[in-house]
Amino acid sequence: MSDARPRSEALFAEAKQRLVGGVNSPVRAFGAVGGTPVFIERARGPRLWDVDGNAYLDYVGSWGPMILGHAHPAVVRAAQRAVELGSSFGAPTAAEVTLAQLVREAFPTAERVRFTSSGTEACLTALRLARGVTGRPLIVKFAGCYHGHGDSLLVSAGSGALTTGRPNSAGVPAELARLTLVLPYNDPDALAAAFAKHGKKIAAVIVEPVVGNMGVVGPRPDFLDALERLPRRHGALLILDEVMTGFRLSWGGAQRLLALRADLTTFGKIIGGGFPVGGLGGPRRLMDQLAPLGPVYQAGTLSGNPVAMAAGAATLGLLKKDPPYKFLRDTTDHLVHGLRAVARRRRREVTVNAVESMFTVFFAKGPVTDLKSAQRANAKLYARFFHGLLRRGVYFPPSQFEAAFLSAAHTPADIEKTVAAADAAFRDL
Ligand code: PMP
């Protein structure tokens with residue numbers, strides 16, 4: 001049991017004097033689960049160590065990037081080599097070309113790529129580009145999906161926006177929010193109705209093809225079918241936000257897994273190997289509308305940063321050479337079956353959603369298919385479950401409405417240990 005965290009306590013008290021809420025991203029503050037955030041000192045493979053010397057099996061993985069596990073030696077070496085050559089030039093490098101080539105191999109529609117420093121920027125750029133090429137103002141998004149914290153996208157947003165209970169951020173002008181149409185996920189009729197009413201004004205539909213940001217929710221076949229058909233029929237673009245799912249659900253992301261065709265794809269997380277990154281990819285005819293070739297402006301001082309590009313290329317290179325996807329699926333299956341079994345044994349009503357190596361334990365009865373059903377989950381029970389796991393050395397997402405992630409470094413023994421911890425945590429609820 002790792003319950004004593006005096007150094008984390010002291011650091012958090014100090015952090016709150018200097019950083020807003022003690023953190024640089026809201027969900028890290030443990031607001032949704034209570035208690036003191038764990039300050040991390042180092043990580044390796046599937047494990048984190050906190051500043052008090054406690055070890056945890058990590059199911060957050062930096063919210064997705066660490067698919068190979070932490071501090072993978074080949075990724076560390078690539079980043080070290082890059083940083084020794086200079087950490088940023090503000091000029092083109094070979095590493096950007098290498099990473100763009102790897103992205104193109106995995107995502108055939110990404111004929112041209114633009115790298116950014118975050119997924120937020122990638123999604124913002126995708127919207128601007130869609131509006132620029134179509135000349136239309138409206139964006140369709142789905143309740144509970146999160147596409148970063150751009151103004152137009154912080155409307156009924158998931159992730160930390162749900163955690164803090166404010167899916168609509170203050171500071172977003174109503175005039176701008178009105179240009180975002182929010183529809184329920186997995187509802188093809190709502191999408192059809194929106195196009196019937198506003199078809200000629202919709203620039204793009206942006207969607208997490210498999211949602212991670214209200215917890216894991218997969219798409220129904222009729223919803224996928226509507227996504228594939230309706231935007232195209234009405235001259236709007238389909239933007240698949242694969243910031244989380246790209247190179248996570250398969251080498252070719254969710255779109256390969258689901259056979260879904262994107263007009264534009266946004267990237268982040270895994271493609272930077274744990275360094276700040278984002279990306280936007282699409283066919284030449286669309287992407288060439290971006291500056292410097294076209295009229296849609298976008299830029300970034302640290303965009304295509306050589307260290308991030310090198311770590312990303314090392315990560316994608318390993319995923320290509322030795323694909324971990326079957327292992328990840330099997331390991332996740334093993335864990336999910338174990339979690340369901342111990343929940344049953346302890347008479348806890350949970351719904352475990354999983355897609356490949358992403359999963360969520362919802363404290364809810366019945367299927368979770370959209371934001372409404374996700375919000376039926378008992379977040380208070382989840383919080384107690386979370387702390388029960390944490391005490392036993394298992395680090396789950398500190399919110400009911402976030403995805404958990406496995407890495408290729410999680411072993412069957414780690415899974416057994418996690419299931420045993422969950423058994424005890426369910427028992428103690
Ligand atoms: N889109 C999705 C699907 C995401 O999960 C995230 C981040 N969790 C983002 C966009 C934003 O990426 P970033 O945090 O790098 O800005």
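# Helix packing and salt bridges: worked exercises

Helices H12 and H15 are roughly parallel to each other, a class that takes in angles under 35 degrees. The model is a predicted one, in which local features need pLDDT of at least 70 and side-chain atom pairs count only at pLDDT 80 or more, while totals for chains, interfaces and linings use all residues. Residues are numbered from 1 along each chain as its sequence is written, and side-chain values use heavy atoms, with hydrogens and water left out.

**Exercise 1.** Describe how H12 and H15 pack, and state which residues meet.

*Solution.* Begin with the geometry: H12 covers residues 325-345 and H15 covers residues 412-427, and the two pack at an angle of about 20 degrees with axes 9 Å apart. The axes are lines fitted to C-alpha atoms over the stretch in contact, and angles between N-to-C directions run from 0 to 180 degrees; the helices themselves are DSSP runs (H or I, at least four residues).

Next, take the handedness: the crossing of H12 past H15 is right-handed, that is, the near helix is turned clockwise from the far one by less than a right angle.

Then list the contact (heavy atoms within 4.5 Å): on the H12 side it includes Leu335, Leu339 and Val342, and on the H15 side it includes Ile415, Val419 and Phe426. The residues of this contact divide into 9 nonpolar, 4 polar and 3 charged.

**Exercise 2.** Characterise the salt bridge between Asp423 and Arg345, and find where its two residues lie.

*Solution.* First apply the criterion, which asks for a side-chain nitrogen of Lys or Arg within 4 Å of a carboxyl oxygen of Asp or Glu; in this pair the closest N and O atoms are 2.7 Å apart. Asp423 lies in H15 and Arg345 in H12, so the bridge ties together parts that are 78 residues apart in sequence.

Finally, compare accessibility (buried under 20% relative accessible area, exposed over 50%, partly exposed in between, with a 1.4 Å probe and protein chains only): Asp423 is buried at 11%, whereas Arg345 is exposed at 55%.

Methods:
Parallel < 35°, antiparallel > 145°, perpendicular 65-115°, else oblique. Nonpolar A, V, L, I, M, F, W, Y, C, P; charged D, E, K, R; others polar.
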